[in-house]
Amino acid sequence: MKAMRWLALSGLLAVLAGCGQSTVVTRKPVERPVTRTPTMAASVPSYTVQRGDTLYGIAFRHRLDFKDVAEWNGIRPPYLIYPGQVLRLRAASGSPTVTAVVPRPSAPVTDRRPAAGSGTVERIANAPAGKPPVSTPEQPVSQVPTPPPEATVPAVTATPVAPASHGAPVWRWPTSGDVVSRFVAGDPTRQGINIAGSAGQVVHAAANGVVVYSGAGLIGYGELVIVKHNDEFLSAYGHNRKRLVAEGEQVQAGQPIAEMGRSGAARDMLHFEIRRKGKPVDPLAHLPGR
């Protein structure tokens, strides 16, 4: 019996000793798929603004109407853009346009000038919904004095607006010379006409308008000038050797705006385009016969 008790006690001690030990099991972490938020470029064509870009230049480069690009991105006049800004080049999927988000003020913004016979505009604007405003002339509302008209400062825009006009502008030839290349619809390399000439030959504005681009940032156009004539029509003058006008400058039909050259071309010539709502059209269909 003593032997059996001794054996049982030994076994119990062995079990207790084993329980005092622990084993650490190292498992390889499970790799979970990373969920990435789709970027705008994955669903809608986009463009990142570079230093020196303008909304008009970007729209012209992509054969788009500048008004559409502004609307898709919630940009309002004077169409300011910034380096690093990502612009949509098409309306968002399932939506014809992109609506600009305008922060709401913490308190209603109202005209504080009194309205005859109706208390004040402020009281009317803040009246509870569903109840007509009550005029309480015995409790006048303090009003902010309106400055006299002569103290009013006119609004200033960053980009001058082209003179308003209805329909197509009255076009004139931008320079003299033979047409050596004609417009071909759908051909991205022939979206205008090429007019041969000599270095330094004067290039004129084809119609009244405002210069919305003057630079050499659009590949394939060399020294380029773009004139906005109204909300529908633009004209472009490329391959100049020298530009004579700056962005924002108002120009008149026939005014010198550049000197002919061969920047970005194999010969001295003017590349001339007319675009309607961002789309190239045949200049010969708009220019007068000669």
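This is a predicted model: local features need pLDDT of at least 70, side-chain atom pairs count only at pLDDT 80 or more; totals for chains, interfaces and linings use all residues.

Visitor: Got it. What volume does the largest pocket have?

Guide: The largest pocket comes out at about 310 Å³.

Visitor: And which residues lie nearest its centre?

Guide: Look for Pro188, Thr189, Gly220, Tyr221 and His271, which lie nearest the centre of the largest pocket. They belong to a lining of 21 residues. Two elements, α3 (55-61) and β11 (269-276), each give two or more residues to that lining.

Visitor: Which element gives the most to it?

Guide: That is β11, which gives four residues to the lining of the largest pocket.

Visitor: How many of the lining residues are nonpolar, polar or charged?

Guide: The lining of the largest pocket has nine polar residues, six nonpolar and six charged.

Visitor: Switching topic: how many cavities of 30 Å³ or more does the structure hold?

Guide: There are two cavities of 30 Å³ or more. The largest cavity has a volume of about 50 Å³. Among the residues lining the largest cavity are Leu64, Phe66, Asp231, Phe233 and Arg275.

Visitor: What classes are in that lining?

Guide: The lining of the largest cavity has five charged residues, four nonpolar and one polar.

Visitor: OK, now the cores. Which residues touch the most other members in the largest nonpolar core?

Guide: Those are Ile58, Phe60, Tyr79, Leu87, Leu224 and Ile226, out of 27 residues in the largest nonpolar core. The elements giving two or more residues to this core are α3, α4 (66-72), β6 (209-215), β7 (223-228) and β8 (233-243). With five residues, α3 gives the most to this core.

Visitor: Can you zoom in on one member? What does Ile226 touch?

Guide: Leaving out residues up to four places away in sequence, Ile226 touches several residues, including Phe60, Val210, Val212, Leu234 and Ala236. Another core, of 23 residues, lies apart from the largest one, and Ile195, Val203, Ala205 and Phe233 are among its members.

Visitor: Phe233 again! How many aromatic pairs are there in the whole structure?

Guide: A search of the whole structure finds six aromatic pairs. One of them is Trp171 with Phe233, an edge-to-face pair with 6.0 Å centre to centre and 70° between the planes.

Visitor: Why does that pair tie together separate parts?

Guide: Trp171 sits in the loop between α5 (121-125) and β3 (179-181) while Phe233 is in strand β8, so the pair ties together parts that are 62 residues apart in sequence.

Visitor: Are those two buried or exposed?

Guide: Both Trp171 and Phe233 are buried. A tilted aromatic pair is formed by Tyr237 and Phe272, at 5.3 Å centre to centre and 50° between the planes. Tyr237 in strand β8 and Phe272 in strand β11 are 35 residues apart, so to speak a link between distant parts of the chain. Tyr237 and Phe272 are buried too.

Visitor: Which residues form an aromatic cluster?

Guide: Tyr56, Phe66 and Tyr79 form one aromatic cluster.

Visitor: Last one: where does Ala216 lie?

Guide: Ala216 lies in the loop between β6 and β7.

Technical notes
Residues are numbered from 1 along each chain as its sequence is written. Side-chain values use heavy atoms; hydrogens and water are left out. On a 1 Å grid over the protein atoms alone, a cavity is a set of points where a 1.4 Å probe fits but cannot get out, and a pocket is an open set with protein on both sides within 12 Å along at least five of seven lines; lining residues have an atom within 4 Å of a point. Grid points are joined across faces, edges and corners, and a volume is the space filled by probe spheres set on the points. Ala, Val, Leu, Ile, Met, Phe, Trp, Tyr, Cys and Pro count as nonpolar, Asp, Glu, Lys and Arg as charged, and the others, Gly among them, as polar. A nonpolar core is a set of buried Ala, Val, Leu, Ile, Met, Phe, Trp, Tyr and Cys residues joined through side-chain atoms within 4.5 Å. Buried means under 20% relative accessible area, exposed over 50%, partly exposed in between (1.4 Å probe, protein chains only). Contact means heavy atoms within 4.5 Å. Rings of Phe, Tyr and Trp (its six-membered ring) pair if their centres lie within 6.5 Å; planes under 30 degrees apart count as stacked, over 60 as edge-to-face and the rest as tilted.
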